[in-house]
Amino acid sequence: MSFKPPVYVIGGGMITRIQLLPTIYHLQREGLVGDIHVCALNAPPLRDIMNDPALARAFPGQSIIPHPDPAKVSDKEMFPDLNKELLASAPAGSIAVVAVPDQVHYPVLKQAIEHNLHVCIVKPLVLKHQQAEEVAELAYNKGLVVGVEYHKRFDYRNMMARRAYRAGRFGEFRLAQAQMIEPWYYRDSNFQNWCTCENSDMFTYVGCHYVDLVAFITGLKPVSVSVYGIKDKYPNGRDGYLWTDGRVIWENGASLSVVDAIGYPNSAPGGNAQGLAMWGQGPNDATLLFHSDQYRGVKHGYTAPGTDPGDTIYGEPNPDYFQLIDSGGPGLTPIGYGHRSAEFIIKACRKAAAMDKLSDRQQFIKQLDAEGIMATPRNSSYNELVIEAARMSIQNGGREVAISYGDKSGVQFKQY
């Protein structure tokens, strides 16, 4: 298939630069996608991308089409409506990659669907279940693939666990503990401008990974959520729920506890602290699943720290999330579950874009929904119910919020 749809990336932040763009560049190098447009609110992050030595080393001769063009505007100029103009100009069947703050996912998604674009979007899809259902319906009616980039689904450890659990080898899930503690230097980044109390929290932003993961492994649905948040101040003085402790109850009575924060020491090795432990009940004994997700058995001592924030002279790099390696040929090759996830979604978008018949695209969407490997608006909308419940809970001191499914899916404070 020689079809090369152009890609329109909305958002020029960290996740675009370190994970999504290398995958898109790789697909362009493989002849699978066409021009790569990247749109940001202003010019500096685009200049950083265009001058990034790691990207230049990995993908020699490749470049983005920036919007705005840093060579033509000042660093202080802001372009809040440029993403709307760019999506409106994209040819039907192009691929939109959405990597913007959580609270603006919904309007950008709506714009992409309105202009008949397939979508790869960073998690969470949206912040409300009704919005997820609306997106699912609108996209299906137009035969547009929408994939949510829950990249932990593409970690082979989790795919192994899913297969084993669903074969009965872990018995019945009873208890789980998970953590994802992001590095302290995130407080100095753009997080302080959007991940604030009125918009999001650390459970919503990263705890959702492990809620989705438990559902992905077990096939169970969450039925209640309580999240306690501790407010802390960013360097710019804004308040954020930067320390959170969540509990999710599942339909079989099992419980998942999740702690999340921007609180991993900059001086510590590795990019963060994260992991999952699950305990189950078999017919004659207990069962165990344990994933230490930040430590993958690699220890490095360098001559000096690297140049990125949080780099240390002694490190424990993760070879499984995302790395650029020399596998022969020009440049470097992206590997890891961060790459596999974005690659899977963009290839699914490309496959659908090459189908002329609406009925064929809709059948393909049904297939993706049913397989449940890639998160879609239809097969993962429990995540939006959890997020909606979590936002209610955290703003009310951690009160438990119940989730209901069916024709009247929704959330409400649990009655005792």
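**Briefing: cores, sheet and selected residues of a predicted model**

Leaving out neighbours within four places in sequence, phenylalanine 173 is in contact (heavy atoms within 4.5 Å) with Tyr165, Val214, Thr218, Leu220, Trp250, Asn252, Ala254, Ser255, Met278, Trp279 and Gly280. The model is predicted: local features need pLDDT of at least 70, side-chain atom pairs count only at pLDDT 80 or more, and totals for chains, interfaces and linings use all residues. Residues are numbered from 1 along each chain as its sequence is written, and side-chain values use heavy atoms, with hydrogens and water left out.

**Nonpolar cores**

- A nonpolar core is a set of buried Ala, Val, Leu, Ile, Met, Phe, Trp, Tyr and Cys residues joined through side-chain atoms within 4.5 Å; buried means under 20% relative accessible area, exposed over 50% and partly exposed in between, with a 1.4 Å probe and protein chains only.
- The largest such core has 48 residues, of which Phe173, Trp250, Leu256 and Leu276 touch the most other members.
- Helix 9 supplies the largest share of this core, 11 residues.
- A second, separate core holds 35 residues, including Ile24, Leu46, Ile95 and Leu368.
- In soluble globular proteins, nonpolar side chains tend to be buried together.

- Helices (H or I, at least four residues) and strands (E, at least two) are DSSP runs numbered from the N terminus, and two strands pair if DSSP finds at least two bridges between them.
- Eight strands make up an open sheet of mixed pairing, in the order 12-11-7-10-9-8-17-18.
- Strand 12 (286-292) and strand 18 stand at the edges with a single partner strand each, so one side of each has no neighbour in the sheet.
- On average, neighbouring strands of this sheet are turned by 15° against each other, direction ignored; axes are lines fitted to C-alpha atoms, for helices over the stretch in contact, and angles run from 0 to 180 degrees between N-to-C directions.
- Nine bridges join strand 7 (residues 172-183) and strand 11 (residues 273-281) in the antiparallel sense, and glutamine 177 has alanine 277 in strand 11 as its bridge partner.
- Helix 9 packs on the sheet, where it touches strand 7, strand 8, strand 9, strand 10 (255-264) and strand 11, and its direction makes about 145° with that of strand 10.
- Helix 12 also packs on the sheet, touching strand 8, strand 9, strand 17 and strand 18, with its direction at about 50° to that of strand 8.

**Helix 12**

- Of the 13 residues of helix 12, 12 are buried, among them Tyr382, Leu385 and Ile394.
- The elements covering these buried residues include helix 6 (129-142) and strand 17 (401-404).

**Selected residues**

- Serine 226 lies in strand 8 and is buried, with a relative accessible area of 14%.
- Aspartate 35 is placed in the loop between helix 1 (14-29) and strand 2 (36-39) and is partly exposed at 46% relative accessibility.

**Cysteines**

- The structure holds zero disulfides (pairs of cysteine sulfur atoms within 2.5 Å).
- For cysteine 39, the nearest cysteine sulfur is that of cysteine 120, 16 Å away; cysteine 39 is buried at 3% relative accessibility.
- The sulfur of cysteine 197 is 8.9 Å from the closest cysteine sulfur, in cysteine 195, which is too far for a bond.
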